[in-house]
Amino acid sequence: MAGVGATWYTWLEQGRDVRASLDVLEAISRALRLTPAERTHLVLLGRGEEPPPCKSAERVSATVRRLIENLGPNPAYVIGRRWDYLAWNRAASAVFGDFAALPRAARNHVWVHFMDAARREMLPDWERSARLVVAKFRADSARHIGDPEFEQLIGTLRRSSPEFCQAWKRHEVARSGEGRKEIRHPQVGTLRFEHAVFHPTDSPEQRLILYSPLADEDTPAKLARLLEH
């Protein structure tokens with residue numbers, strides 16, 4: 001079923017000094033119907049390295065969806081490996097705009113950052129933020145060199161946004177983490193948050209971004225007004 005010779009497969013199981021190719025190990029994984037955790041373990045044993053993620057449609061687990069929906073006035077959303085928006089709560093839509101109203105092809109954090117005029121107006125430090133977004137996205141895209149989905153997004157952004165093209169040419173990289181963000185909301189004015197990034201254990205390439213309103217500001221009261229509607 002895996003297209004592997006019985007003798008060579010026996011050597012592999014016996015732990016002899018052979019190094020299987022990733023394609024062979026993937027074929028064995030499929031033939032044995034391994035779970036994602038078992039597949040990872042097989043490749044680690046066979047090659048001493050983490051396997052690339054399985055290419056499949058990204059899904060946010062029901063548990064994570066319920067989690068962000070129950071966060072109340074704390075805006076939260078989940079982005080995928082290519083930074084596509086996968087899930088969000090009502091507070092996030094109230095602050096950043098209706099994610100569901102975006103065309104599916106434009107439902108991407110990097111795309112919105114550079115191509116959505118309303119999002120740009122909301123960020124008083126847009127230039128610094130944009131440069132940091134590109135640096136973080138470049139660091140992630142390095143794990144997917146040659147992936148046509150990444151190449152298509154990057155190519156379209158370079159053709160569509162001079163600012164993205166300029167930032168991309170800097171070859172800067174950065175990591176996601178904690179910080180503070182100020183938002184100029186068109187209805188209630190300035191909102192200030194602390195934010196942090198979390199990776200679900202079962203989907204490590206996904207990011208849960210959570211915004212917590214600063215308690216010593218009037219942001220909680222403004223959020224409450226937004227969520228009344």
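## The overall picture

Let's start with what the chain folds into: the protein has eleven helices and five strands (these are DSSP runs numbered from the N terminus, with H or I over at least four residues for helices and E over at least two for strands). This is a predicted model, so local features need pLDDT of at least 70 and side-chain atom pairs count only at pLDDT 80 or more, while totals for chains, interfaces and linings use all residues. Residues are numbered from 1 along each chain as its sequence is written, and side-chain values use heavy atoms, with hydrogens and water left out.

The C-alpha trace spans about 70 × 40 × 30 Å along its principal axes. Out of 229 residues, 40% count as buried (buried is under 20% relative accessible area, exposed is over 50%, and partly exposed is in between, using a 1.4 Å probe and protein chains only). If you take contacts between residues at least 6 apart in sequence, 50% of them join residues at least 24 apart (a contact means heavy atoms within 4.5 Å).

How are the five strands arranged? They form an open sheet in the order 2-1-5-4-3, with antiparallel pairing (two strands pair if DSSP finds at least two bridges between them). Strand 2 (85-88) and strand 3 (179-185) stand at the edges with a single partner strand each, so one side of each has no neighbour in the sheet. On average, neighbouring strands are turned by 30° against each other, direction ignored (axes are lines fitted to C-alpha atoms, for helices over the stretch in contact, and angles run from 0 to 180 degrees between N-to-C directions).

Now for the side with strand 3: this strand pairs with strand 4 (residues 189-198) over seven bridges, in the antiparallel sense. One place to look is Arg184, whose bridge partner in strand 4 is Thr190. Helix 11 (residues 219-228) packs on the sheet and touches strand 3, strand 4 and strand 5 (207-213). The direction of helix 11 makes about 95° with that of strand 4.

## Strand 1 and its partners

Take a look at strand 1 (residues 76-79): Ala76 and Val78 point one way, Tyr77 and Ile79 point the other way, and all are buried. Strand 1 pairs with strand 5 over four antiparallel bridges, and there Ile79 has Arg207 as its bridge partner. Three bridges join strand 1 to strand 2, again antiparallel, with Trp88 as the bridge partner of Tyr77.

The hairpin of strand 1 and strand 2 has five residues between the strands, and Trp83 in this hairpin takes a positive phi near 70°. Arg81 also sits in the loop between these strands. Is Arg81 buried or exposed? Arg81 counts as buried because its relative accessibility is 9%.

## Two loop residues with positive phi

Here's a handy bit of background: most residues other than glycine have a negative phi. Arg33 has a positive phi of about 55° although it is not a glycine. Arg33 is in the loop between helix 2 (22-31) and helix 3 (36-47), and it counts as exposed because its relative accessibility is 72%.

His171 isn't a glycine either, and has a positive phi of about 60°. You'll find His171 in the loop between helix 10 (162-168) and strand 3. At 56% relative accessibility, His171 counts as exposed.
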